[in-house]
Amino acid sequence: MEEMGMEIDESTTPVTLNSQSFKRLGIKNSIQTNFGDDYVFQIDLSQENSTMAVSLSTNTVKLYSPGTCQYLGEFKGHSATINQISFSAPSSPCVLHTCSSDGTVRAWDTRSFKQVSLLSAGSSQEVFCFSFGGSNDSLLASGCKSQILFWDWRNGKQVACLEESHVDDVTQVHFVPDHKSKLISASVDGLMCIFNTDGDITDDDHLESVMNVGTSIGKVGFFGEMKQKLWCLTHIETLSVWDWKNGDLEANFENARSLASDNWTMDHVDYFIDCHYSGADDTLRVIGGTNTGTLGYFPVSYRDGRAIGSPEAILEGGHTGIVRTVLPMSDRYGGPALDQGMFGWTGGEDGRLCNWLSDESSEINRSWISSALVMKSSRSHHGRHRPY
């Protein structure tokens, strides 16, 4: 196991904001996972909040303690890019699932650091995403090259393959919250499809509706009190809002980056990372970033006065490159995103993990950087939208 070798870095730039209306945030801890030569793709947290999993562009997943930043171990086995990681397996809080462009979905035990299962979509396939659900919580759906594959995760058997609804890579699959038999898929072909997964799943009988976004889709998510709304981010940085139940487009922000950029005094917003919904104030926020690593949380008004407002939080001084992933801790603890002492974690193309606190805490003026977490590896280039 790697030694921590934690060092206090007194030179970390304090967070500075341009307006008192912004939420003041600061860095508590930051972990240099790989000396900047490889990217952090995604962060996920175990259900009991004891283990944080981090996927890297070295096709490796590293595990840390989110409270102490201690390195716990790692998973190696994928031979190509890891496209998604998740602790969402039903009744398995100590199992992390991963999918990869090597055509596999794998399960790993965080106690033994061993691979415990492997599902193969085929040597010519790539698996870009997956989701657990179904009416009996028995299905594992995965998005591949224009196909959606279904397994019974309990016995590892493939039970269905949808191959007529999309004509390009399926970048997202999500079972709908509180409607576990319904699955939404999204693709580079610009379509979002809703399927009913009860019974023997087929394209002809189980495709319920199609929403045409019109351009390559990067990420989608549910929001609203009843999770009836759907936000959609595309690979050309547009944002749209849909009602998935009736297929209606409620708002389309084709110039989302310009709208966000006009509402802060930082550099131009170069890309969007994710969206976050706060049920406490019924607000959807789109998270935008700059190529130098500054992030902003921009509120989205999608009803009558459609607009992207001034940022309500800015995360500055932690990253030096493009940020790939944001994990708000409020998603785990159930509180409002902008009112927690523990705000969340971010990771990016500088190989850094940053832990952010709001200004209610006094521990925001230092960052702890590990100099002995991984060996330096040869640099390889990955475009921000590969994986999707």
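In the predicted model, 15 salt bridges are present. Side chains of opposite charge can pair when their charged atoms come close. Three of these pairs are described here, together with the surroundings of their partners.

K180 and D137 are joined through their side chains by a salt bridge with an N to O distance of 3.2 Å. This pair connects distant parts of the chain, the two residues being 43 residues apart. K180 belongs to strand β16, which covers residues 179-187, whereas D137 sits in the loop that runs between β11 (129-133) and β12 (139-143). K180 has a relative accessibility of 34% and therefore counts as partly exposed. D137 is likewise classed as partly exposed, because its relative accessible area is 30%. The backbone of D137 has a positive phi, near 55°, in a residue other than glycine.

A positive phi also occurs at S146, where the angle is about 65° although the residue is not a glycine. S146 lies in the loop between β12 and β13 (148-152). With a relative accessibility of 21%, S146 counts as partly exposed.

A second salt bridge links the side chains of R285 and D281, with 2.7 Å from N to O. R285 is buried, because its relative accessible area is 3%, under the 20% limit. D281, in contrast, has a relative accessibility of 39% and so counts as partly exposed. Elsewhere, salt bridges with shared partners join K62, E74 and K76 into one network. K76 is exposed, because its relative accessibility of 59% is over 50%. E74 has a relative accessibility of 22% and therefore counts as partly exposed.

The largest nonpolar core consists of 22 residues, and L239, L284 and V286 have the most contacts inside it. At least two residues of this core are supplied by each of the strands β20 (229-234), β21 (239-243), β22 (248-253), β23 (271-278), β24 (283-289) and β25 (295-301), and by helix α2 (256-261). The largest share, three residues, comes from β23.

When its neighbours within four places in sequence are left aside, L284 is in contact with F223, W231, V241, C275, H276, Y277, F298, P299 and V300.

Key:
Residues are numbered from 1 along each chain as its sequence is written. This is a predicted model: local features need pLDDT of at least 70, side-chain atom pairs count only at pLDDT 80 or more; totals for chains, interfaces and linings use all residues. Side-chain values use heavy atoms; hydrogens and water are left out. A nonpolar core is a set of buried Ala, Val, Leu, Ile, Met, Phe, Trp, Tyr and Cys residues joined through side-chain atoms within 4.5 Å. Buried means under 20% relative accessible area, exposed over 50%, partly exposed in between (1.4 Å probe, protein chains only). Helices (H or I, at least four residues) and strands (E, at least two) are DSSP runs, numbered from the N terminus. Contact means heavy atoms within 4.5 Å. A salt bridge is a side-chain nitrogen of Lys or Arg within 4 Å of a carboxyl oxygen of Asp or Glu.
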